[in-house]
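The sequence and structure come next, and the notes follow by topic.

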Amino acid sequence: MLRRQVPVQLLFIALSMLYVFMLAPRGVLTPRDSLDAYFHLTRIQALNGVWQSPINFFEWNHVGNATSLFYPWLTVAIGYPLFHFFGVVHGYLVFMGLVTYATLLAAYVSYSKFRHTEWPAILFALVYTFSFVRASNVLYRWGVGEFMAMIFIPPLFLAFYAVLKGHWASWPYAALWFSLIIYSHVLSVVIIGINLLVLFLTALVVRWGAWSYWRQLFLRAVQFGLTTLLLTMAYWGPMVEQQLYQPLNRPAVFNMVHAGQSLPQLLNSSLRLDVRSYALGVFLLVVLVGVVLTIWFTDWVGRTMGLMALVMLVLSSTTFPWGLLQNTPVNIIQYPGRFLGMVMFWGVLYLVYMLETHWQTWHVPIQAVTTISIGAIAVGLFVGSARALWHTNTIIPVNMAWITNDNAPARLRAFNQRDYYPVRAVKYAQSIEAHETLLNDQVINAPLHYSQTAASWQVHLREDGRLDLPVLRFKGTRTWVDGELRSSSASPRGTAQIAVTKGAHRIVVAGSYTWFAKFSILMSVITAGLLGTMLFMRKHRA
């Protein structure tokens, strides 16, 4: 077994290195049509000190941004030590290599356990990881959350499939993988949750009248839901607390119809190798044609895969009436193209499953040749897409268009990101980001000093009054005056404000986890410990 695994793992390592090379052949990162590259690099860099405080003052232009409270970061945390040891850019490339290898490995192991076959599992891993949709997220969109979530999608659906088949002991694994997706990307949770719900309801309909099955399935659904809530309380607990504390500036709400493509437009865009097209890619387009032509010639498992791919395809386009949901919470997904990842997952799964049904009568060498051929096509199309992107122009200003190990630290420290600012702070963002300190609404000279977890000022005041400091105020913000802890309030700018007397003072502002945030983290840690213990004991008994 080990001898057979070595070549597979060496292949995955080599392909991961190829992926990284195609991303940055000269060791330089290139933002394309947005500053998302800076956002994600900064949020990883800002994780220094996150266990002590969720507020970072060293990055984000030193305004006390609380991004780590609102964007899940647990699965990207490995990026920070890599940034520290290799530099931001080289550390990110190592990070991408590890993520790509993890994606290959997760897809390979999941299909191996699903069907207990070798060559189909290798093929699924190759086509899934080198898909056009993933390439768009990695090479162009900088969709860090999306490609992190992609690691956990195959094992999640493997565990969920086992539960639907009546293997009730698999529900803890489903809760674990779904929790890791929540800790990777919230919007992916919505998309994947819709898929899980469709499968759940389908299972109930198919087993209509089997009330014992219904009772067991609902029981596992409750266990799954409660365990997931507790496992992820460390993320959603502090986030909800801050949202209830004050109005916050949420990310941009897109017009779902204008931000999407009609189904004919989507299919036409898929004929190009341009990863900027938010499309399926040529390979997946051919697969979907095959789904339509062959879906009725397979068993119920294959039909489920094919129908899920086609349903997700419709949801990926404006053929579905997204305009009716524009003013509902569903608009959090921003644009229909978010469903393309699940189109790809179900389409690739269907392709490999259908091939495998024919491979049962083929000799192993023919299986190997087929896997290598199709895998080479998928990898070749990825390489072609990456090379095409090399020769496109970026619309980013020249002074921000290339990120290197040398220029990254200063640029990340100066980068501004206003999502989840207190709403009142948005109006005064330029003043805050210019680090203007106000005494009784008048700008005073107060140089800012900062560390990862605190900001400080040495001030000489000529009068008593209200000192409005240029750092955002969130629940848990603490303020010291001359070493004495003082209560602060939110200023009209949404910043920390304190009462002071005239004279010389040293002011320090730091963030902290509230008691509820600490309780939320504790609940998640305890739940993880109990779940791990249960799975360990179950495996040991087996």
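Strand E5 (residues 465-472) pairs with E9 through five bridges in the antiparallel sense; two strands count as paired if DSSP finds at least two bridges between them. Strands (E, at least two residues) and helices (H or I, at least four) are DSSP runs numbered from the N terminus. This is a predicted model, in which local features need pLDDT of at least 70 and side-chain atom pairs count only at pLDDT 80 or more, while totals for chains, interfaces and linings use all residues. Residues are numbered from 1 along each chain as its sequence is written, and side-chain values use heavy atoms, with hydrogens and water left out.

- Leucine 467 stands opposite isoleucine 498 in E9.
- Strand E8 (residues 489-490) also pairs with E9 in the antiparallel sense, over two bridges, and alanine 490 has alanine 496 of E9 as its bridge partner.
- E8 and E9 form a hairpin with four residues between them; in the turn, glycine 494 has a positive phi of about 80°.
- Five of the six residues of E9 (residues 495-500) are buried, so the strand is largely enclosed by the rest of the structure. Buried means under 20% relative accessible area (1.4 Å probe, protein chains only).

**Five-stranded sheet**

- An open sheet has the strand order E3-E4-E10-E6-E7, with antiparallel pairing.
- E3 (448-450) and E7 (484-486) are the edge strands, each with a single partner, so one side of each has no neighbour in the sheet.
- Three bridges join E3 to E4 (residues 454-461), and tyrosine 450 stands opposite alanine 455 in E4.

**Helix H15**

- The buried residues of H15 include Val301, Met305, Met308, Met312 and Leu315.
- Among the elements covering them are helix H5 (88-115), helix H10 (186-206) and helix H16 (340-359).

**Aromatic contacts**

- The whole structure holds 40 aromatic pairs; rings of Phe, Tyr and Trp (its six-membered ring) pair if their centres lie within 6.5 Å, and planes under 30 degrees apart count as stacked, over 60 as edge-to-face and the rest as tilted.
- Tyrosine 38 and phenylalanine 415 are stacked, at 5.9 Å centre to centre with 25° between the planes.
- Tyrosine 38 lies in helix H2 (residues 36-45) and phenylalanine 415 in the loop between H18 (408-414) and H19 (423-427), so the pair ties together parts 377 residues apart in sequence.
- Both tyrosine 38 and phenylalanine 415 are buried.

Key. Buried means under 20% relative accessible area, exposed over 50%, partly exposed in between (1.4 Å probe, protein chains only). Contact means heavy atoms within 4.5 Å.
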